[in-house]
Amino acid sequence: VLGLLLGLQVVVFLLALVLGKPLFGKLSESMTTKRTILLSLIAYAGIAVWGFGLDSVIGFYFLAWMVAVVQGGSQGLSRSLYAQLSPASMSGEFFGFFTVMSKFSAMLGPLVFAAVAIGFGSSRPAILSIIVFFVVGALLLIRVDVDEGTRVAKEADAAAGWEPPTE
């Protein structure tokens, strides 16, 4: 049984790897990167709602696969958009901040989940509580003007005298 479960996890991992990034890559080509990330936040919220009502092991595996598909694609697109909005001459500082914030969110999310689970005596409401993060993220992202951010990043690079490397 353990070998079967391990084999199933490997297959699901490979399917997520093979389908996730190409799916989000195609979506970002037909839409904008920003809209694709917003779509992934909506998908995450839907997955959380689905997780709230989940009552089967097979459903759990499918839910985990959906998270893997959305996670891989959305994380890559998020980094890409962030890089586009960051001056290349200051990429160390910007991505350092990005990393610190991701560590902070890796602590805040589980703390909120645990607090809600303890408060309600069940993890089901805690699953729904993470939707707040997706909504706040979407509201913040909606306010981002990608064209203006790209322009400002290029201006900062020009002011710093930075030029893209030539091959």
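**Exercise 1.** Is Phe-94 buried, partly exposed or exposed?

*Solution.* The structure is a predicted model. Phe-94 has a relative accessibility of 26%. Buried requires a value under 20%, and exposed a value over 50%. Phe-94 therefore counts as partly exposed.

**Exercise 2.** Classify the pair formed by Phe-60 and Tyr-61.

*Solution.* The ring centres of Phe-60 and Tyr-61 are 6.1 Å apart, and the angle between the planes is 70°. Over 60 degrees counts as edge-to-face, so the pair of Phe-60 and Tyr-61 is edge-to-face. Phe-60 itself is partly exposed, at 47% relative accessible area.

**Exercise 3.** Work out how α3 and α4 pack, and what their contact is made of.

*Solution.* Helix α3 covers residues 57–85 and helix α4 residues 91–120. Their axes lie 10 Å apart and meet at an angle of about 145°. The crossing of α3 past α4 is right-handed. On the α3 side, the contact residues are Arg-79, Tyr-82 and Ala-83; on the α4 side, they are Phe-94, Phe-95, Phe-97 and Phe-98. Sorted by type, the contact has six nonpolar residues, one charged and no polar.

**Exercise 4.** Work out how α2 and α6 pack, and which residues meet.

*Solution.* Helix α2 (residues 33–52) packs on helix α6 (residues 131–142) at about 165°, with the axes 9 Å apart. Angles over 145 degrees count as roughly antiparallel, so α2 is roughly antiparallel to α6. The two helices make a left-handed crossing. From α2, the contact includes Lys-34, Ile-37, Leu-41 and Tyr-44; from α6, it includes Ile-131, Phe-134, Gly-137 and Leu-141. The residues of this contact divide into 12 nonpolar, one polar and one charged.

**Exercise 5.** Where does Ala-159 lie, and how far is its C-alpha atom from that of Ile-130?

*Solution.* Ala-159 lies in helix α7, residues 146–159. Its relative accessibility is 71%, so Ala-159 counts as exposed. Ala-159 and Ile-130 are 29 residues apart along the chain, and their C-alpha atoms are separated by 41 Å.

Conventions: Residues numbered from 1 in each chain as written. Predicted model: local features only at pLDDT ≥ 70, side-chain atom pairs only at ≥ 80, totals over all residues. Heavy atoms only, no water. Axes fitted to C-alpha atoms, helices over the stretch in contact; angles between N-to-C directions. Helix = DSSP H or I, 4+ residues; strand = E, 2+ residues; numbered from the N terminus. Left-handed = near helix turned anticlockwise from the far one by under 90°. Contact = heavy atoms within 4.5 Å. Nonpolar A, V, L, I, M, F, W, Y, C, P; charged D, E, K, R; others polar. Buried < 20%, exposed > 50% of the residue type's maximum accessible area, 1.4 Å probe, protein only. Phe/Tyr/Trp six-rings, centres within 6.5 Å; stacked < 30°, edge-to-face > 60°. Parallel < 35°, antiparallel > 145°, perpendicular 65-115°, else oblique.
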